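Please open the model in your viewer and keep the selection tool at hand, as this tour goes from one stop to the next and says what to select at each.

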Amino acid sequence: MKKVAVIGSGTMGNGIAHVFAQNGFQVSLVDISEEALQKALGTIAKNLDRIVAKGNLTEEQKAHTLKNITTFTSMQEGVQDVDLVVEAATENVDLKLKIFRDLSTFAKPEAILASNTSSISITKIASVTDRPDKVIGMHFMNPVPVMKLVEIIRGYSTSDAVTREIMDISLQLGKVPTECNDYPGFIANRILMPMINEAIYSLYESVAGVEEIDTIMKLGMAHPMGPLQLADFIGLDVCLSILNVLHDGFGNPKYAPCPLLVNMVQAGHKGVKSGQGFYSWTHGTRELIVADRFKKQQFVQ
């Protein structure tokens with residue numbers, strides 16, 4: 001298996017394309033926007049430059065990696081001759097179902113169809129295809145070139161052979177594949193999102209401030225970043241979407257998103273991507289500056 005298509009050239013898509021290309025795969029990067037594709041290539045080049053600067057890649061290897069990537073604005077053209085498709089489009093169930101219906105038509109019958117979804121049912125995605133046994137989840141972590149984990153999600157009909165093949169491919173990428181079954185949130189987000197939601201509830205209920213909550217979790221639990229900072233990086237809209245999937249899927253009120261999170265997303269405060277979340281991200285430095293709204297938070301004594 002040497003030919004791979006990646007659907008979507010955003011943060012996750014360009015990272016996935018980067019990792020496959022750097023490890024010798026021929027990558028078709030597909031997006032409806034030519035501008036987005038060019039931006040993605042620029043991002044990949046910058047990330048490769050960082051690896052070169054650290055001495056972990058040569059200029060020749062960088063050039064070869066970029067040469068391994070071909071861009072397409074037509075899905076039909078981009079996937080017609082590949083062995084594996086990795087979908088990395090926006091976390092929207094209707095969009096993903098449409099993509100997989102189209103992939104059933106455009107991809108060759110023996111091609112494996114994978115989704116980078118962080119919460120949407122692989123079984124549901126597989127149900128709209130002509131090959132449910134060949135549909136699987138490959139949930140990469142952000143930033144893809146750095147993070148080692150790939151969460152491998154078996155749908156209800158995913159075959160043992162496809163699971164083994166995707167586990168092997170993940171190892172070829174230098175990743176650590178970890179298998180789980182197809183239930184809402186899988187493992188990563190089933191555990192992570194309630195923690196983030198509880199941190200938001202703690203802020204909402206004036207138990208502590210943004211900086212205090214994150215400091216306690218960083219220093220007390222040895223987390224590299226606090227849950228509110230992490231939520232800003234993931235995207236508050238994405239966190240809300242995943243919590244809704246968990247809440248709908250299990251029908252358990254413990255997964256209900258905090259009203260503060262709902263209000264922030266509705267107001268357009270989505271974290272790093274919008275410049276405002278629990279922190280302000282418009283100052284152009286790595287310094288953590290609590291968003292103005294939360295600086296004067298009053299706490300219950």
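Begin with the cysteines of this predicted model, where a search for disulfides finds zero. A disulfide is a covalent bond between the sulfur atoms of two cysteines. Are C180 and C258 buried or exposed? C180 counts as buried because its relative accessibility is 10%, and C258 is also buried, at 0% relative accessibility, since buried means under 20% relative accessible area.

Next, turn to the backbone, and keep one general point in mind. Most residues other than glycine have a negative phi, and most peptide bonds are trans. Now select N142 and P143, and look at the peptide bond that runs from N142 to P143, which is cis, with omega near 0 degrees. P143 itself is placed in the loop between β6 (135-140) and β7 (149-154).

Move on to F186, in the loop between β8 (176-181) and α8 (188-204). Although F186 is not a glycine, its phi is positive, at about 55 degrees, and the residue is buried, with a relative accessible area of 3%. Then select A222, which lies in the loop between α9 (210-221) and α10 (227-234). A222 is a residue other than glycine as well, and its phi has a positive value near 60 degrees, but at 65% relative accessibility A222 counts as exposed.

How many aromatic pairs does a search of the whole structure find? The search finds six, and one to select is the pair of F233 and W281, whose ring centres are 5.3 Å apart and whose planes stand at 65 degrees, so the pair is edge-to-face. This pair links distant parts of the chain, because F233 is in helix α10 while W281 is in the loop between β9 (279-280) and β10 (289-290), 48 residues apart. F233 counts as partly exposed, at 42% relative accessibility, whereas W281 is buried, with a relative accessible area of 18%.

Now go to helix α5 (residues 93-106) and pick out K98 within it. K98 is partly exposed, with a relative accessible area of 47%, and its side chain makes a polar contact of 3.0 Å with the side chain of D102. If you also select T117, you can compare two kinds of distance, as K98 and T117 are 19 residues apart in sequence and 14 Å apart in space, C-alpha to C-alpha.

As a last stop, select residues 185-281, where UniProt, in an unreviewed entry, places the feature "domain: 3-hydroxyacyl-CoA dehydrogenase C-terminal". The end C-alpha atoms of this span lie 28 Å apart, and the span is 62% helix and 2% strand.

Key:
Residues numbered from 1 in each chain as written. Predicted model: local features only at pLDDT ≥ 70, side-chain atom pairs only at ≥ 80, totals over all residues. Heavy atoms only, no water. Helix = DSSP H or I, 4+ residues; strand = E, 2+ residues; numbered from the N terminus. Buried < 20%, exposed > 50% of the residue type's maximum accessible area, 1.4 Å probe, protein only. Polar contact = N/O pair within 3.5 Å; in protein donor to acceptor, adjacent residues only side chain to side chain. UniProt positions renumbered as here; feature names shortened; annotations may be inferred. Disulfide = S-S within 2.5 Å. Phe/Tyr/Trp six-rings, centres within 6.5 Å; stacked < 30°, edge-to-face > 60°.
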